[in-house]
Amino acid sequence: MSTSPDRQGTLDLRIENLIAAYGEGRGVPARAQWQALLNLPEDAPVTVLNFFKFRAEAQYDPKSGETPCSGQEAFSRYAAVSAPALEKVGGRFLLLAPFGGSFIGDQEDWDFVVAGAYPNRNAVLALFEDQDYRHCYIHRLAACERQRVLFCPA
């Protein structure tokens, strides 16, 4: 089923607004990644897998006014707001756990793994559009040395 021109225009505007709010790349989705999410079937559930490697010391912009802390603490600041925001858009956590190791494939080094389930792609977009979530995202960026986020229609 194709998307009507009006509907596509609305989706394109949502992407533009998200990019204006978050920027692109390095810790946030790039335009092509937003578009890939939107290419999922509209009503298909979405599972998001997050892999996080924390910095020893969080890296906040000096103008942020944030108190220096560890990457782990900065991530806790992020989680305190992001968890309720995820639930508000209809999402739920499937897994929150320390990374145990690689079993098959390349050995990887992560600190924490989170799997979240969303009712559809619009719920994922709604999370990023939530003002509280948007404001707490600085803690995620400050906390993470690197991260990998994958999504699956499931």
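Student: Is strand 1 mostly covered or mostly open?
Tutor: Mostly covered. In this predicted model, 7 of the 9 residues of strand 1, which spans residues 46-54, are buried.

Student: OK, and which way do strand 1 and strand 3 run when they pair?
Tutor: Antiparallel, over 7 bridges, with strand 3 covering residues 112-118.

Student: Which residue in strand 3 is the bridge partner of L49?
Tutor: That's A115.

Student: And how many bridges join strand 1 to strand 4?
Tutor: There are 9, and those two strands run antiparallel. Strand 4 is residues 144-153. For a specific contact, N50 has V149 as its bridge partner in strand 4.

Student: Switching topic: what's the volume of the largest pocket?
Tutor: About 950 Å³. It is lined by 45 residues, and the closest to its centre are G27, Y137, R140, Q147 and V149.

Student: What else supplies at least two residues of the lining?
Tutor: Quite a list. Among the strands there are strand 1, strand 2 (92-98) and strand 3. The helices include helix 2 (31-38), helix 3 (71-88), helix 4 (121-129) and helix 5 (131-143).

Student: And how does the lining of the largest pocket split by class?
Tutor: You get 29 nonpolar, 9 polar and 7 charged residues.

Key. Residues numbered from 1 in each chain as written. Predicted model: local features only at pLDDT ≥ 70, side-chain atom pairs only at ≥ 80, totals over all residues. Heavy atoms only, no water. Buried < 20%, exposed > 50% of the residue type's maximum accessible area, 1.4 Å probe, protein only. Helix = DSSP H or I, 4+ residues; strand = E, 2+ residues; numbered from the N terminus. Pairing = 2+ DSSP bridges. 1 Å grid on protein atoms, 1.4 Å probe; cavity = no way out; pocket = protein on both sides within 12 Å on 5 of 7 lines; lining within 4 Å. Points joined across faces, edges and corners; volume = space filled by probe spheres on them. Nonpolar A, V, L, I, M, F, W, Y, C, P; charged D, E, K, R; others polar.
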